[in-house]
Amino acid sequence: MSSFYSELMKGLGAGTRLWELLDRKPEFPLNGQYTTDQLRGRLEFSDVTFSYPTRKEVPIFSNLSLVVPSGSVMAVVGSSGSGKSTLVSLLLRLYDPDAGTITIDGQDLRDLNPYWLRSHIGTVSQEPVLFSCSIRENIAYGAVDPDSVTMEEVYRAARMANAHDFIQDFPRGFDTVVGEKGVLLSGGQKQRIAIARALLKNPKILLLDEATSALDAENEFLVQEALERLMEGGTVVVIAHRLSTIQNTDAVAVLASRRVAECGRHADLLADRHGLFRKLMEKQAFLQEDQKQALH
Ligand SMILES: Nc1ncnc2c1ncn2[C@@H]1O[C@H](COP(=O)(O)OP(=O)(O)OP(=O)(O)O)[C@@H](O)[C@H]1O
């Protein structure tokens with residue numbers, strides 16, 4: 001009886017916390033209704049001013065403007081704390097800007113149905129979150145209706161994400177249960193599962209946060225190849241940390257002084273000897289010595 005009582009009390013405590021979570025209301029209204037069948041994925045920030053609700057006195061963006069044409073790949077670079085992740089959070093509508101607008105195909109984000117919006121946006125973060133369930137369920141979770149996903153579709157997504165082989169090598173294959181936050185898997189493996197999840201969703205808009213942590217050479221190649229497949233066809237915003245990624249994008253936006261300080265093609269930005277992008281690249285030792293020599 002006494003052990004049952006303590007279990008009951010633990011359960012009650014957990015239950016209370018769960019209800020508190022379920023009862024939470026969004027801080028701003030999520031009542032946009034607009035949806036469309038023909039999403040093209042053109043993104044535009046116009047004069048966006050933003051500070052986090054918890055730190056109103058620290059502005060993150062003031063009058064930031066940026067256009068990402070539909071179907072293009074935009075790299076976002078900037079020093080640590082310049083607001084790269086914040087830009088992605090605003091696109092996902094985790095926050096609303098204090099002033100200015102963010103639009104998709106000319107439609108204000110606030111007028112779009114948030115559930116519909118998020119079903120068309122895929123994200124792969126630096127530290128992907130995997131749930132404590134099977135790998136198959138973790139991949140199928142990306143789909144709008146995970147229950148209707150066939151095994152064939154899961155295999156296909158895993159193959160394209162270069163994850164199929166290592167999953168098959170586990171004794172229980174796709175039924176392998178990954179621990180809380182996927183502790184059983186390496187960083188590169190977790191990322192490839194997150195990429196398979198995003199591939200299954202086949203989103204029109206893709207937000208990527210490239211991992212800064214060093215992957216071993218083989219993992220890095222496999223992750224990079226999978227990302228390239230994922231990036232085909234949609235509009236992509238990638239927080240880029242690798243020179244090879246930056247070189248393969250259509251344009252680069254440099255965040256500095258709370259706005260987009262420079263935006264253009266990688267080669268053009270690099271050619272400006274006094275430009276911010278050039279300085280940033282040199283600081284981050286992105287440029288190899290021989291490339292620097294060639295540019296001088
Ligand atoms: N939830 C939050 N509440 C309050 N301030 C925040 C929050 N998240 C980020 N910030 C602040 O906003 C600024 C921009 O952070 P952000 O994470 O967007 O930068 P970043 O360019 O992505 O940085 P990094 O390259 O280090 O990941 C930082 O000064 C950070 O301290």
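Which residue in β8 is the bridge partner of Ala75? The partner is Val238. This is a predicted model; local features need pLDDT of at least 70, side-chain atom pairs count only at pLDDT 80 or more, and totals for chains, interfaces and linings use all residues. Residues are numbered from 1 along each chain as its sequence is written.

**The sheet**

Helices (H or I, at least four residues) and strands (E, at least two) are DSSP runs, numbered from the N terminus. Two strands pair if DSSP finds at least two bridges between them. Six strands form an open sheet with mixed pairing, in the order β6-β7-β8-β3-β9-β10. β6 (121-124) and β10 (259-264) stand at the edges with a single partner strand each, so one side of each has no neighbour in the sheet. From one strand to the next, the twist averages 20°. Axes here are lines fitted to C-alpha atoms, for helices over the stretch in contact, and angles run from 0 to 180 degrees between N-to-C directions.

| Strands | Sense | Bridges | Residue pair |
|---|---|---|---|
| β7 (205-209) and β8 (235-239) | parallel | five | Leu208 and Val238 |
| β3 and β8 | parallel | four | Ala75 and Val238 |
| β3 and β9 | parallel | five | Gly78 and Leu255 |

Strands of a sheet pair through backbone hydrogen bonds, either parallel or antiparallel.

**Strand β3**

A residue is buried if 20 or more other C-beta atoms lie within 10 Å of its own, exposed if 12 or fewer, and partly exposed in between; C-beta atoms are placed from the backbone. In β3, six of six residues are buried. Both faces are covered. Val73, Ala75 and Val77 are buried on one side, and Met74, Val76 and Gly78 on the other. In a regular strand the side chains alternate between the two faces of the sheet.

**Helices**

Helix α11 (residues 276-283) lies across β3 (73-78), β9 (251-256) and β10, and runs at about 85° to β9. Contact means that two C-beta atoms, placed from the backbone, lie within 7 Å.

Helix α7 (residues 187-201) packs with helix α8 (residues 217-230) at an angle of about 10°, their axes 10 Å apart. The two helices are therefore roughly parallel to each other. Angles under 35 degrees count as roughly parallel, over 145 as roughly antiparallel, 65 to 115 as roughly perpendicular and the rest as oblique. From α7, Gly188, Gln191, Arg192, Ile195, Ala198 and Leu199 meet Asn219, Leu222, Val223, Ala226, Leu227 and Leu230 of α8. By class, this contact has eight nonpolar, three polar and one charged residues. Ala, Val, Leu, Ile, Met, Phe, Trp, Tyr, Cys and Pro count as nonpolar, Asp, Glu, Lys and Arg as charged, and the others, Gly among them, as polar.

**Around the ligand**

The shell includes Tyr52, Arg55, Gly78, Lys84 and Thr86. Helix α2 (residues 84-91) gives the most to this shell, with three residues. The shell has two nonpolar, eight polar and two charged residues.

**Positive phi**

Most residues other than glycine have a negative phi. Asp47, in strand β1 (residues 43-50), has a positive phi near 50°. Asp47 is partly exposed, with 14 other C-beta atoms within 10 Å. Asn162 has a positive phi of about 55°. Asn162 lies in the loop between α5 (151-160) and α6 (164-169). Asn162 counts as buried, with 23 C-beta neighbours inside 10 Å.

Technical notes. A residue is near a molecule or strand if its C-beta atom, placed from the backbone, lies within 6 Å of it.
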